[in-house]
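Please open the model in your viewer and keep the selection panel at hand. The tour goes stop by stop.

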Amino acid sequence: MTDVESFIRNLISQAIRSTAEDEGLAVPDGMEVIIERPRRENQGDYATNVAMLLSRHWGMKPRDVAAKIVSHIDKGDYVDKVEIAGPGFINFFLSDAWMANLIKEILRKGNDYGKADVGKGKKAQVEFVSANPTGPLHIGHGRGAVVGDVTASVLSFAGWYVEREYYINDAGLQMKMLGRSVQSRYFEILGRSEEAPFPEDGYKGDYIYEIAQEIIDREGDKFLHVPLDESLGYFKDFAVKVILDGIKQDLEDFRVRFDVWFSEKSLYERGLIEEMVNFLKERGLAYEKDGAIWYRSTQFGDEKDRVLIRSTGEPTYFASDVAYHKDKFDRGFDLVIDVWGADHHGYVPRMKAAVQALGKSPDALQILLIQFVSLIKDGKMVPMSTRSGQFVTLREIMDEVGVDAMRYFFLMRKCDSHLDFDIDLAKSASTDNPVYYVQYASARIHSIFKEAASRGIDMADPEKVDFSVLVTEEEKALVKCLARFPEEILKAANELAPHIIVYYVYDLAKAFHSFYNAHRVLGEERPLTDARLLLVRAVQIVLLNVLQLLKINAPEAM
């Protein structure tokens with residue numbers, strides 16, 4: 001009974017089969033029963049247009065098909081009535097017994113309410129953030145961090161075994177450029193800038209000076225007397241460690257933890273790139289030409305074949321990515337999810353083709369693209385430029401608006417949609433602020449139970465409470481909203497769309513506030529107080545379940 005949609009869908013499917021058997025008709029192969037929530041209250045709680053879909057297959061008028069299907073529906077205890085409307089819609093109205101059963105189910109399951117088994121224990125890996133350790137995290141990384149983190153949480157809640165992974169780009173030209181940038185600032189601070197000119201494409205920003213100063217504090221001026229090429233490795237390794245430590249601390253404070261930190265260097269140290277190239281060669285998917293090794297990507301729809309190993313013997317970035325993804329599948333993951341910046345959208349088909357070349361379904365790799373975040377303060381756009389090194393860091397916004405607001409706001413839009421982050425709204429203690437509005441529901445619920453305890457009112461046994469006294473529009477709307485939670489979890493997991501959970505928790509808070517503003521919980525006749533207290537407790541359970549998935553606090557007072 002947890003998944004109401006599945007319950008209604010099964011009733012319809014059984015009725016269709018019975019109708020077909022009685023009438024000597026066939027049910028079309030692959031026919032899907034689609035149900036939806038009507039927009040108007042008088043149209044029921046759920047509706048289906050299946051009669052209209054079947055009418056042309058069965059050669060009957062849609063309303064006649066609907067009538068035959070309805071005659072075979074076994075309403076049981078949880079459906080109050082079934083009606084035919086319009087050209088042949090079938091509308092379902094849920095019963096008071098269903099409401100009572102749902103509340104008791106939530107109270108019984110507690111933290112497990114809403115959990116699903118769609119994953120069936122299969123292994124999923126979510127790789128996200130994976131920012132190059134060349135500078136601190138900015139707000140764009142923060143959005144990707146929350147999307148990846150909550151996607152992983154939702155999948156786990158839906159029955160997948162999930163691992164979170166961060167891919168450290170600690171090899172290649174970018175690392176050398178970082179080392180040269182810090183090395184140059186080191187010489188500059190010590191008054192010898194002409195001996196180590198700042199590279200044209202070097203990393204700017206105050207943090208490079210800070211790292212250089214830290215080296216001076218530790219090592220003094222000893223590197224002034226060492227050839228630049230000999231000391232470069234030290235500057236590079238030191239800078240990567242400092243920056244990566246900062247990234248790890250920022251993510252920890254942002255409530256994002258990884259199971260695996262995967263080093264790009266390990267691909268080379270373990271021979272995984274060579275292993276991948278040999279794998280493709282054995283399958284006729286890699287060949288040598290002009291001293292380089294090429295991947296036959298045109299065989300999988302790409303516009304041209306791609307270089308894996310340059311004529312110099314150096315692997316391309318693409319080769320590293322293919323080897324890395326081969327390693328992911330070799331580790332036994334059934335589903336691999338990468339969270340990338342939207343500027344990588346053109347790379348998606350190439351990587352999916354590579355996965356296919358590795359012998360996996362392209363659907364085994366799913367890419368979530370994170371669109372740009374704009375900061376708004378005092379009604380104006382905050383200028384940001386990573387090229388000049390003057391960008392807004394994740395830490396700055398975290399310190400200013402708090403983790404709860406940031407995590408919520410980053411999920412308020414679908415991840416591939418542009419997001420305007422209003423700093424003033426995120427900081428405001430008003431119901432216009434959506435995260436405040438949601439957390440205010442938690443505080444109100446806590447105040448109800450605190451007041452009940454002060455009056456000596458204990459929670460009644462759900463099996464002995466008459467829930468049929470919950471008859472108002474606000475009470476019914478609240479119960480129906482609670483019933484949606486398992487459906488929203490399934491949808492968010494299947495679509496890899498964590499924003500769905502944020503939409504839902506706002507709807508739940510709205511339904512609760514409407515109920516709270518319209519009705520008293522305490523001070524009524526005891527049967528009604530008992531029923532409403534248990535309803536509020538059910539709301540608290542679901543609210544906590546959602547906020548735990550989002551890793552957002554549920555305050556007791558505000």
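Buried here means under 20% relative accessible area, exposed means over 50%, and partly exposed lies in between (1.4 Å probe, protein chains only). This is a predicted model, in which local features need pLDDT of at least 70, side-chain atom pairs count only at pLDDT 80 or more, and totals for chains, interfaces and linings use all residues. Residues are numbered from 1 along each chain as its sequence is written, and side-chain values use heavy atoms, with hydrogens and water left out.

**Stop 1: T134**

Select T134. Its relative accessible area is 9%, so T134 is buried. T134 sits in the loop between β5 (123–127) and α5 (139–157). Helices (H or I, at least four residues) and strands (E, at least two) are DSSP runs, numbered from the N terminus. Now show the contacts, meaning heavy atoms within 4.5 Å. Leaving aside residues up to four places away in sequence, T134 touches Q174, M175, L178, Y203, Y207 and I243.

**Stop 2: helix α2**

Go to residues 50–58, helix α2. Which residues of α2 are buried? They are V50, A51, L54, S55 and W58. Look down the axis of α2: the buried residues fall within an arc of 140°, so they line one face of the helix. The arc is taken from the directions from the helix axis to the C-beta atoms. Among the elements covering these residues are α1 (4–23), β2 (46–48), α3 (62–71) and β4 (89–94). Step on to G59, which follows α2 and has a positive phi, near 65°.

**Stop 3: an open sheet**

Select the three strands in the order β14-β13-β15; they form an open sheet with mixed pairing. The edge strands, β14 (380–381) and β15 (419–422), each pair on one side only. Strands count as paired if DSSP finds at least two bridges between them. β13 (373–377) runs parallel to β15, over four bridges. I376 stands opposite D422 in β15.

**Stop 4: the cores**

A nonpolar core is a set of buried Ala, Val, Leu, Ile, Met, Phe, Trp, Tyr and Cys residues joined through side-chain atoms within 4.5 Å. The largest has 154 residues, and F254, F421 and L550 have the most contacts inside it. Helix α19 (526–550) gives the most to this core, 15 residues. Finish with the second, separate core of 36 residues, which includes Y324, F329, V336 and A354.
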